[in-house]
Amino acid sequence: MSATGTGTGHVVVVGAGIAGLAAAHRLLERGARVTVLEAAARVGGKLLPGEIAGVRVDLGAESMLARRPEAVTLAREVGLADRLQPPATASASIWTRGALRPMPKGHVMGVPGTAAALAGVLSDEGLARIERDAVLPRTEVGDDVAVGEYVAARLGREVVDRLVEPLLGGVYAGDAYRISMRSAVPQLFQVAKTHTSLTDGVREIQARMAANQQTGPVFMGIEGGIGTLPLAVAESVRARGGEILTGAPVTELRREASGGWRVVSADRVLHADAVVVAVPAPAAAGLLRAEAPEAAAELAGVEYASMALVTLAYRRFETALPEGSGFLVPPVDGRTIKASTFASQKWGWIADENPDVVVLRTSVGRYGETKILQRDDAGLVEVSRHDLKAATGLDATPVQTRVIRWSDGLPQYPVGHYARVARIREHVAKLPGLAVCGAQYDGVGIPACIASAYAAVDQIGGDLSAVQELTANPVQSLHGGAGE
C-alpha cells in the first residue's frame with residue numbers, strides 16, 4: 001500500500017456524486033489541493049446520461065430546480081451555459097379518478113390557496129372540505145409534523161391523497177403521511193407556525209413570490225441530459241488540477257496525531273488536512289463510526305426508498321400522446337407507475353435529435369413498496385406499458401426499452417429529520433477539518449445537494465483558516481478566497 005504525502009491545504013472529498021464534485025470545484029476555486037475518491041466506476045451518482053434508439057436521454061434525474069441558483073450557476077461555471085434549456089412545455093396532468101386531468105395551478109406542493117384551485121381534480125365533497133379550513137381552530141405543529149397529517153387536518157385527506165402525495169412522491173418516493181413538513185416543505189411549515197388558516201398562509205406565500213418577481217421557468221434541463229452536468233464539473237475539477245479517482249472505495253477514515261486525517265482507499269493511504277464526506281448515509285455512517293460514533297449512529301438511522309426508471313422509445317408514426325410533459329399518479333388510485341414523462345415533448349433537444357422517435361419514461365417504486373421492484377426488467381416494462389395504455393391509449397410496441405434501478409436511491413425525510421440533521425452536524429463539528437454533504441441532509445434536489453456541498457466547504461474553511469494557509473498564495477485561503 002502506497003502513501004501519498006501532502007503539504008498544507010490538501011482536502012480529500014469522499015464521493016463523486018454532484019455534491020462531492022461541487023465541493024471539489026468550490027475547494028479548487030478557493031485554492032485547495034483536492035483529491036476526490038469515488039467507489040463506483042463512474043462519477044455522477046444519481047445523475048446518469050444514456051441513450052435509447054439513438055437519442056441521448058437521462059437515465060436518472062432529468063431536471064433541476066431553476067428558481068434556486070446553485071445548479072444553474074454551477075452549470076454555467078463549467079461551460080454549459082449555451083446548453084441550458086427550459087422544458088418545451090410546462091403543462092402536466094394528474095391521472096386520477098379514471099382520467100388525465102390538468103395539473104392545477106395556484107398551489108404550493110399541492111396545497112391550494114383556494115378550493116377553486118383544485119376544481120376538476122377533487123370531488124365536490126373534497127372541495128367543500130377545503131372551505132372548512134377558514135373556520136377550524138388552530139392546528140398546532142410543534143417542532144415538526146408530517147405534511148400529510150397537517151394538510152389532512154386542515155383541508156381533508158382528499159387534497160393529500162390526490163395532489164400532495166403524488167407531488168411529494170415525485171421528489172422523495174415517500175409517504176406524505178410520514179414526510180417532515182419542516183424539512184420537505186419549509187415554507188408551509190413557517191406559515192403553519194404563524195397562521196390559523198392554511199389557505200391564508202398559502203396565499204401569503206404566493207403573494208410573497210409575486211412580490212419577489214419569481215418569474216421564468218421553474219425547472220431547467222441541459223441539452224444532452226442533466227447527466228452531463230457532473231461530467232462537466234469533473235472535467236473542470238481536473239482542468240483546475242484536482243484529482244478524481246474512480247473505483248477507489250474509502251475503507252477507513254481516522255484522525256492523525258498531527259490534527260489531519262488519514263484516508264485509506266484501495267491500495268493507497270492519503271494524508272489530508274480536511275475531509276468532505278459526500279456519500280449516502282449508510283456509507284457515511286461506516287466511515288464516521290471510528291471518530292464520530294454519535295454522528296454515525298444518526299446516519300445509520302436514515303431510511304431510503306428504492307425505485308426504477310423505465311425508458312421506452314416508440315416510432316413516432318405509431319404514437320399519439322396527450323399534450324403536455326406527462327402525468328403524476330396518486331397512490332390512492334391503485335396504479336403501478338407513479339409518474340410518466342413524455343420526454344420528447346418535454347425536452348426540445350430530444351425531439352430534435354431523432355424526430356422519428358418518441359421517448360417516454362415511467363417511474364415505479366415508493367417507500368415501502370418492494371414487491372413490484374422484485375419483477376425483472378421485462379416485468380417492469382410490461383406494467384409500464386399496461387398503465388400507459390390505460391392512461392393515454394398508447395398501444396404500440398416500443399422499439400427499445402431500458403430499465404435502470406436505483407436501489408436505496410432516495411433518502412427519506414420523516415418527522416424529526418431536521419433535528420436529526422442538526423445532531424449529525426453538531427457531532428461532526430467537534431472534529432476540525434471534517435464536513436458532510438449530500439442528499440440526506442437538506443434536500444434531495446440538485447440545487448440543495450450543491451448548496452450542502454458549499455456549506456461543507458465553508459465549514460472546513462472556518463476550521464482551517466485560523467491555523468494555516470491552504471496554498472502558498474498568501475491572499476487566498478479556503479476561508480477568504482473566492483466569494484459565494
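Arg208 and Glu204 pair up through their side chains in a salt bridge, at 3.4 Å from N to O. Keep in mind that this is a predicted model. A search of the whole structure turns up 23 salt bridges but zero disulfides.

**Helix α8**
- Arg208 and Glu204 both sit in helix α8, four residues apart, or about one turn of the helix.
- Arg208 is partly exposed at 39% relative accessible area, and Glu204 is partly exposed too, at 35%.
- Arg203 and Asp200 make another salt bridge, 2.2 Å from N to O; these two are three residues apart in α8 (residues 198-211).
- Arg203 comes out partly exposed at 36%, and Asp200 is partly exposed at 36%.

**Another salt bridge**
- Arg68 bridges to Glu70, with the closest N and O atoms 2.9 Å apart.
- Here Arg68 is partly exposed at 29%, while Glu70 is buried at 17%.

**The β4–β5 hairpin**
- Strands β4 and β5 (residues 55-58) run antiparallel, paired over four bridges, and Gly50 has Val57 as its bridge partner in β5.
- Two residues separate the strands of this hairpin, and Ala53 in the turn has a positive phi of about 50°.

**Cysteines**
- Cys437 has its closest cysteine sulfur in Cys449, but at 8.4 Å that's too far for a bond.
- Both are buried: Cys437 has 0% relative accessibility and Cys449 has 7%.

Notes
Residues numbered from 1 in each chain as written. Predicted model: local features only at pLDDT ≥ 70, side-chain atom pairs only at ≥ 80, totals over all residues. Heavy atoms only, no water. Disulfide = S-S within 2.5 Å. Buried < 20%, exposed > 50% of the residue type's maximum accessible area, 1.4 Å probe, protein only. Pairing = 2+ DSSP bridges. Salt bridge = Lys/Arg side-chain N within 4 Å of Asp/Glu carboxyl O.
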